[in-house]
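I opened this entry to look up helix packing, the nonpolar core and salt bridges. The model I worked from is a predicted one.

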Amino acid sequence: MKRKIVVEHGEQRAIAQIMGCTIEMVCHSLAFRKNSHLAHQIRKVAIERGGVEVELRTTPKQTIL
């Protein structure tokens, strides 16, 4: 299952300014597509600022007969 950290509107921009990185880096970090030291720090800051980690469940594809 995929994980993601969900933050309020505008928080990604605020986190990018705090961490001194781009909004794209924050987006990739919160979606767990990056796993660097900076990505870990971004996720920690996001949780501290009220972000919530969620698990995204995938459903099997349905076939139409």
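My notes follow by topic.

**Helix packing.** I looked up how α2 (residues 23–30) and α3 (residues 37–48) pack, and I find an angle of about 80° with the axes 9 Å apart. Angles of 65 to 115 degrees count as roughly perpendicular, so α2 and α3 are roughly perpendicular to each other. On the α2 side I list M25, V26, S29 and L30 as making the contact, and on the α3 side L38, A39, I42, R43 and A46. By class, these residues are 7 nonpolar, 1 polar and 1 charged.

**Core.** Next I looked up the largest nonpolar core, which has 11 residues: I5, I15, A16, C21, M25, V26, L30, A39, I42, V45 and A46. Two or more residues come from each of α1 (11–19), α2 and α3. I note that α3 gives the largest share, 4 residues. I then checked I42, leaving aside neighbours within four places in sequence, and its contacts are I15, M19, C21, M25, V26, S29 and L30.

**Salt bridges.** How many salt bridges are there? I count 2.

- I find E53 paired with R3, with the closest N and O atoms 3.2 Å apart. E53 is in strand β2 (residues 52–56) and R3 in strand β1 (residues 2–6), so the pair ties together parts 50 residues apart in sequence. E53 is partly exposed at 39% relative accessibility, and R3 is partly exposed at 40%.
- I find E11 paired with R49, with the closest N and O atoms 2.6 Å apart. This pair links helix α1, which holds E11, to the loop between α3 and β2, which holds R49, 38 residues apart. E11 counts as buried at 17% relative accessibility, whereas R49 is partly exposed at 40%.

Technical notes: Residues numbered from 1 in each chain as written. Predicted model: local features only at pLDDT ≥ 70, side-chain atom pairs only at ≥ 80, totals over all residues. Heavy atoms only, no water. Axes fitted to C-alpha atoms, helices over the stretch in contact; angles between N-to-C directions. Parallel < 35°, antiparallel > 145°, perpendicular 65-115°, else oblique. Contact = heavy atoms within 4.5 Å. Nonpolar A, V, L, I, M, F, W, Y, C, P; charged D, E, K, R; others polar. Core = buried A, V, L, I, M, F, W, Y, C linked by side-chain atoms within 4.5 Å. Buried < 20%, exposed > 50% of the residue type's maximum accessible area, 1.4 Å probe, protein only. Salt bridge = Lys/Arg side-chain N within 4 Å of Asp/Glu carboxyl O.
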